[in-house]
Every structure is written in C-alpha cells, then in structure tokens.
Amino acid sequence: YLYCGDISVRLDQAVSLHRLATKYHVGSLQRGLTQYMSQHLSSESPAGHVVGWYQYAVRTGDASLQDSCLRYLSWNLSSVLHSAEWTSVDADLLLSLLRRSDLIVQSELELYEALEAWADQNRPGEATAVRALEAVRYGMIPPEQLPFRDLLFLAFQFHAASPVQLAKYFEVNCSIFTPRNYLSAAWGSPWVIGSPTRDDRSSSFQTQLGPSGHDAGKRVTWNALFSPRWFPLSAGRASYAEPGAMQPSRTEGGRPRVIVTPATSSPDFAGVSFQKTVVVMARQQGNKVVVRHVYNFHQSTEEAGDFLADADLQRRASEYLIDSSLYLHIIVKPMYHTLIVAKK
C-alpha cells in the first residue's frame with residue numbers, strides 16, 4: 001500500500017491493518033479501513049465480526065465506526081441474538097443495546113430469552129445482571145409468558161388495568177412500558193413492493209390500539225400508500241377502498257414517498273399517540289437479508305420526510321432492492337399520551 005496506494009483486505013485482517021495504520025500514522029489507509037469495515041458489517045463470517053469491530057472502535061476512540069457498528073447491531077439484533085456472536089457481547093455493549101428503543105426484534109420475549117442465554121454463558125456479576133434485567137421492558141411481554149412472580153404481577157397490572165387507573169400508581173411513560181421495534185404481527189406488517197418505480201401502491205393492515213392487554217382487543221386499521229415520485233398532499237386524499245386503486249396526481253422526477261394513516265378516527269384514540277417506523281430490508285454479501293435503513297415518522301405526521309432520499313430505485317442492482325422488489329416492514333408503536341401522568 002505504501003508504494004502503490006492499493007491493498008486487498010479480508011474481514012479477519014481489517015483490525016490488524018487498522019492498528020498498524022494507526023501506529024505508523026498512515027491516515028489514508030486508516031480512513032480507508034474504517035470505511036471498509038463500515039461497508040462490510042453485514043458480510044458473512046464464521047463467528048461474526050461486528051461485535052469485535054465495535055469493541056476495537058471503542059478502544060481506539062473511532063466514533064464513526066463505533067456508531068456504524070452499534071446501529072447495525074440495533075437494527076439487526078433479532079438475527080444477532082441467534083448467532084455465535086451474541087455470547088461475545090461484553091457487559092457495556094449489552095447494557096447500551098438494552099437501553100435503546102430502536103432495537104428491531106421479533107418481541108421483547110425474544111430479547112429476554114437471549115439475555116438469559118447470554119447470562120448463562122458469561123456469568124456476569126450481580127450488579128451487571130441486575131442492571132440488565134431492569135432494562136428489559138416487561139410490560140411488553142404477555143403476563144402468561146413471564147417466569148417471575150413479581151414481574152408477573154407488574155405485567156398483569158399493566159395489561160389488565162386501564163391506563164388511567166395504572167397511572168395512579170406507575171409512571172406509564174417510563175421505558176419498561178415503552179415498545180421497541182417489534183416485527184410480530186400485533187405491531188405492524190411486512191410489505192413487499194414489486195417493481196417499485198412503476199406506479200403507486202396501497203396496502204392495509206391492523207395493529208392493536210395500545211401497548212397493554214387492556215387495549216389489545218381494540219384494533220386500528222392503517223392505510224399505507226407508496227408513491228415512487230413526489231406528489232402534493234394538497235391534491236386531496238384519495239380513497240383507499242381497494243388495494244392498488246389509489247392513483248393520486250404526481251410530479252415527475254420527484255422522490256419516493258410513503259404515507260401511513262389510520263383508516264378511521266375513533267374516540268379510543270384519545271390518550272394514545274402512534275410512533276410509526278418503516279424498516280427497509282436489503283440483501284447484502286450473498287443471500288443475507290439485513291436492515292438497510294430505518295425511517296421514523298414524527299408522531300404528529302403521516303410520512304417520513306427523508307424516506308429513500310438517497311435511493312436509486314431505477315437501478316436493478318440498487319442496494320435498496322431484493323430481486324427488483326422493495327422489502328418494507330411498517331411498525332406502529334402505540335404509546336400512552338404524556339398527558340397521563342402518575343399521581344405524585
């Protein structure tokens with residue numbers, strides 16, 4: 001590299017070469033290796049490599065690589081939990097992950113069971129074990145699936161009492177009662193859009209009204225609209241009666257938009273706000289499907305303003321497409337409104 005400015009790198013060489021580049025102050029190689037690692041987080045390796053790269057980034061103070069690794073682990077945690085790499089997570093990284101609300105997992109129970117497996121393998125000290133267990137959001141686990149009696153009682157109260165009644169005794173807006181990005185059917189729906197540049201598409205799905213079992217029987221129907229090009233919202237709202245039937249006016253040359261709206265309004269919505277998230281999947285390095293991007297809607301809006309802003313969906317080889325299709329997963333997280341305040 002020092003003579004020709006070019007080098008071939010394998011996954012297992014990246015950290016060693018980065019360490020040498022740092023030691024001998026070869027800045028261009030150092031930056032190039034950081035970029036290489038950031039672009040190969042989803043590559044296949046026998047024992048996994050993202051956790052090791054994250055730990056190396058922490059030791060060297062490489063904030064860019066650290067953020068890239070942490071984002072990848074958060075967005076793809078469901079697959080990481082079932083990989084050989086999970087048991088190599090150290091206590092600091094474990095607690096950093098458990099504190100995040102943007103984790104993408106099948107359910108909170110999946111995360112709890114993975115935490116048990118991690119503890120069995122790593123035998124953490126009492127302080128670490130307590131902090132980790134306290135970070136689990138037990139309110140998001142159905143009471144019948146909880147193993148501990150005290151937690152069962154807490155979850156039963158959350159799922160059986162009305163939010164207003166529960167707020168007299170608990171802070172219902174604390175993290176234990178706040179959903180993460182769950183992929184199970186109660187929280188949203190996958191949506192595969194074939195040939196996404198062709199025309200507008202619409203889809204409908206249902207989620208539960210609130211995060212607790214008290215509202216689980218009440219469903220909210222959502223309408224999702226995808227448009228490959230920008231169209232003015234002022235053109236009016238068209239009917240979503242039939243999937244694929246909506247064809248609003250468009251301005252050519254714009255960028256993709258996705259809009260998620262409730263099909264109807266209801267008095268039951270009072271006291272509940274909805275955090276909407278669109279997850280974009282992609283296939284990278286072979287057949288491995290990973291989360292390519294996550295777009296969060298502001299709670300008061302119906303769309304994500306930066307949705308696919310940098311994507312070129314016209315290219316068949318676009319990193320945002322899988323077999324020429326756009327793979328989305330829409331998640332709706334209901335949260336009890338901040339006006340519900342626990343009695344002091």
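**Close-up views of a predicted model**

View 1. Gln206 stands opposite Thr221, a residue of β5. The model shown here and in the views below is predicted. Eight bridges join β4 to β5. Strand β5 covers residues 219–227, and the two strands run antiparallel.

**View 2. The open sheet of three strands.** The strand order is β4-β5-β6, and the sheet is open. Its pairing is antiparallel. Two strands lie at the edges: β4, residues 201–208, and β6, residues 257–262. Each edge strand pairs on one side only. On average, neighbouring strands of this sheet are turned by 25° against each other, with direction ignored.

**View 3. Helices α1 and α2.** Two packed helices are described by the angle between their axes and the distance between the axes. Helix α1 spans residues 14–23, and helix α2 spans residues 27–39. Their axes come within 8 Å and cross at roughly 155°. That angle makes α1 roughly antiparallel to α2. The crossing of α1 and α2 is left-handed.

**View 4. Side by side: the residues where α1 meets α2.** From α1 come Ala14, Val15, Leu17, His18, Ala21 and Thr22. They meet Leu29, Gln30, Leu33, Thr34, Tyr36 and Met37 of α2. By class, this contact of α1 with α2 has eight nonpolar residues, four polar and no charged.

**View 5. Helices α6 and α7.** Helix α6 takes in residues 91–98, and helix α7 takes in residues 108–122. The axes come within 13 Å and cross at roughly 170°. Angles over 145 degrees count as roughly antiparallel, and α6 and α7 are therefore roughly antiparallel to each other. Ala91, Leu94 and Leu98 make the contact from α6. Leu111, Leu115 and Trp118 make it from α7. The contact of α6 with α7 has six nonpolar residues, no polar and no charged ones.

**View 6. Confidence along the chain.** The mean pLDDT of the protein chain is 82. Of its residues, 79% reach 70 or more. Over residues 231–252 the pLDDT is below 50. Where pLDDT is low, the predicted coordinates should not be read in detail.

Terms used. Residues are numbered from 1 along each chain as its sequence is written. This is a predicted model: local features need pLDDT of at least 70, side-chain atom pairs count only at pLDDT 80 or more; totals for chains, interfaces and linings use all residues. Side-chain values use heavy atoms; hydrogens and water are left out. Two strands pair if DSSP finds at least two bridges between them. Helices (H or I, at least four residues) and strands (E, at least two) are DSSP runs, numbered from the N terminus. Axes are lines fitted to C-alpha atoms, for helices over the stretch in contact, and angles run from 0 to 180 degrees between N-to-C directions. Angles under 35 degrees count as roughly parallel, over 145 as roughly antiparallel, 65 to 115 as roughly perpendicular and the rest as oblique. Contact means heavy atoms within 4.5 Å. Ala, Val, Leu, Ile, Met, Phe, Trp, Tyr, Cys and Pro count as nonpolar, Asp, Glu, Lys and Arg as charged, and the others, Gly among them, as polar. A crossing is left-handed if the near helix is turned anticlockwise from the far one by less than a right angle, and right-handed if clockwise. pLDDT is the predictor's confidence in each residue, from 0 to 100.
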